[in-house]
Amino acid sequence: MSVAHFGPIPEATTPRGCLRAFRPSAALQGTLGTVFPYSIMASHHLPSTGGRSRSAVARFLPGALALLLASAPVAAAPRSAPPREPATATAPSSRVARGLDLLARQKFHEAFELLEPAAQARPEDKRLAHQAYLAGLSRLLELYKLKRFDEIVSLGDRVTTLEPDDYQSYFARGRALEELKRPSEAIEMFRRSKEQGSREFVTRALANAYLLMGDFPAAVSQFEEIVTAGKAKERDYENLGVASYKAGDTEKAIQYLGKALELTPGDAALTALLARYTKEHGVQSGYSSASNAHFDVLLENTPAQRDLKEKLLVLLEQAYLEVTNDFGYRPEDTVQVVIYPSGGAYREASDAPTWSAAVYDGKIRIPTGETHVPDEALQRILQHEFTHLIVERLGGHSVPAWMNEGIAQVEEKREVPWAKPLLRRVLGNKNLRGAFAPLSTLEGSFIGLAGDQARLSYAEAFYATKFLLDMSGMWAFTQLLSDLKEGTEPGDALKRATGYDYPDYQKKWVAELMEDFHLGN
């Protein structure tokens, strides 16, 4: 979550679905006399504190799935070579014979390099193509076990070309791309794998990939296919509940989380998450909705809130135009906004801290009822929180907090009034400069920081991001977000955008700030 004006709230959940093992087909196992057991587990966070300290769960880790290979040894293949006559009839016999012998001895790399060119030279020889495909697919599995994912991507197209109607090479390539943190390409491979015949574990991989990419409606669709087929496990129901909630259907989310809890009674994390969704649904059960082209607003059905409705829709549209014009990106889906009549209702539904003016946690949530919020201030809040949504869409969940909060403050289109005096006081006093944190330490949530340090971190975030934009421009910033979404480490993405690594960038922007403040060293 991200909070307007002062500090972010940690992301509520990340998917923790456990994905099906990747095994070769029965045909491959029969030919080679071996089984390759691959276990695949999704990395996850618990959706609530679950009895832990809040700081222990405040940091949002990147959503890429961790692929863990089982340690079971590979069984030896039969030593006898498979029949060769049909495969060698129209290809150089010695080359193919050597390749088949290597295949029988599980020398898959060498076998593939001999058989694949021969198969490409004789496209009418389907059995030879199949033998070459088995060698190539087995090589992909070897590389997978060795965690040489780049090589899988490089080799994968050559393997797939031999048998484009088989799902397995697409699936292997999807797993490698997922590990390389190239999620959009991984989704395409999983989709193509599924096109060759729907299989539960392929659908699950695709569903989880969509969930981690933030395409929640697509994730819901894939998970519901698994439910309809009667193949759903506890983790599928849990992830389907999270995806449904993120897609805006809290009632369905409660239903699916309840089913997950039935399958794993006593799970503290699930219990807490279900309680949170249920509480939010209860707070908002009597709310009415209002919509325009880009926003769906929920608010209490009272005269005061109804009077606010039309003004809010206008201000939201202004925020949409301001922010999307800057980023050059417009979300295709409708953004959900919830307006609460009091700070108490807001905090009860969102678990937001008492000092927050608004929060984005997949929905924009704003309390408005207890005190009058001037239109100008409300406009800034909306632009700030809507910016968090855009950053999430463009950069995923790996955007450093300093950058996320910095750009959200920049998009308020004002100088943060308290930031410059605070930084001037800290930088101008050598005894206080130790509190000035390097940006590399401000990648995680600010929520665990003490009040003074949090305020200083927000000030640093604003000016460090403003300096980045002044140096490189918004286009470079959006490219930086794209790099982060594809798995580039923040320090590497920053260097690509600015030419400076973290330490040099820190020196550069701080020196610029001290010059602006007319401060000496």
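**A first look at this predicted model**

In this protein, residues 24 or more positions apart account for 68% of the contacts with a separation of 6 or more. Keep in mind that what you're looking at is a predicted model. It has 21 helices and eight strands, and buried residues make up 52% of its 521 residues.

**Surface**

- The protein exposes about 21,900 Å², and carbon and sulfur atoms supply 51% of that.

**Nonpolar cores**

- As a bit of background, nonpolar side chains in soluble globular proteins tend to be buried together.
- Here, the largest nonpolar core holds 69 residues, and the members touching the most others are Val 297, Phe 327, Phe 386, Trp 402 and Trp 509.
- Another core lies apart from it, with 37 residues, including Phe 223, Val 242, Leu 270 and Leu 273.
- Take a look at Trp 402: leaving aside neighbours within four places in sequence, this residue is in contact with Leu 439, Leu 442, Glu 443, Phe 446, Ala 461, Ala 464, Thr 465, Leu 468, Leu 494, Tyr 502 and Tyr 505.

**Salt bridges**

- Side chains of opposite charge can pair when their charged atoms come close.
- The structure holds 33 salt bridges.
- One of them joins the side chains of Lys 252 and Glu 224, at 3.2 Å from N to O.
- That pair links distant parts of the chain, 28 residues apart: Lys 252 sits in helix H12 (residues 250-263) and Glu 224 in helix H10 (residues 216-228).
- Lys 252 is partly exposed, at 26% relative accessible area, and Glu 224 counts as partly exposed too, at 23%.
- Glu 376 and Arg 380 also form a salt bridge, with their closest N and O atoms 3.5 Å apart.
- Because Glu 376 and Arg 380 are four residues apart in helix H16 (residues 375-395), about one helical turn separates them.
- Glu 376 is exposed, with a relative accessible area of 60%.
- In another salt bridge, Asp 483 meets Arg 496, and the closest N and O atoms are 3.2 Å apart.
- Asp 483 lies in helix H19 and Arg 496 in helix H20 (residues 490-498), so this pair ties together parts that are 13 residues apart in sequence.
- Asp 483 is buried, at 14% relative accessible area, whereas Arg 496 counts as exposed, at 58%.
- There's a network as well: salt bridges link Arg 276, Glu 280, Asp 361, Lys 363 and Arg 365.

Technical notes: Residues are numbered from 1 along each chain as its sequence is written. This is a predicted model: local features need pLDDT of at least 70, side-chain atom pairs count only at pLDDT 80 or more; totals for chains, interfaces and linings use all residues. Side-chain values use heavy atoms; hydrogens and water are left out. A nonpolar core is a set of buried Ala, Val, Leu, Ile, Met, Phe, Trp, Tyr and Cys residues joined through side-chain atoms within 4.5 Å. Buried means under 20% relative accessible area, exposed over 50%, partly exposed in between (1.4 Å probe, protein chains only). Contact means heavy atoms within 4.5 Å. Helices (H or I, at least four residues) and strands (E, at least two) are DSSP runs, numbered from the N terminus. Accessible areas come from the Shrake-Rupley method with a 1.4 Å probe; for residues, only the protein chains shown count as cover. A salt bridge is a side-chain nitrogen of Lys or Arg within 4 Å of a carboxyl oxygen of Asp or Glu.
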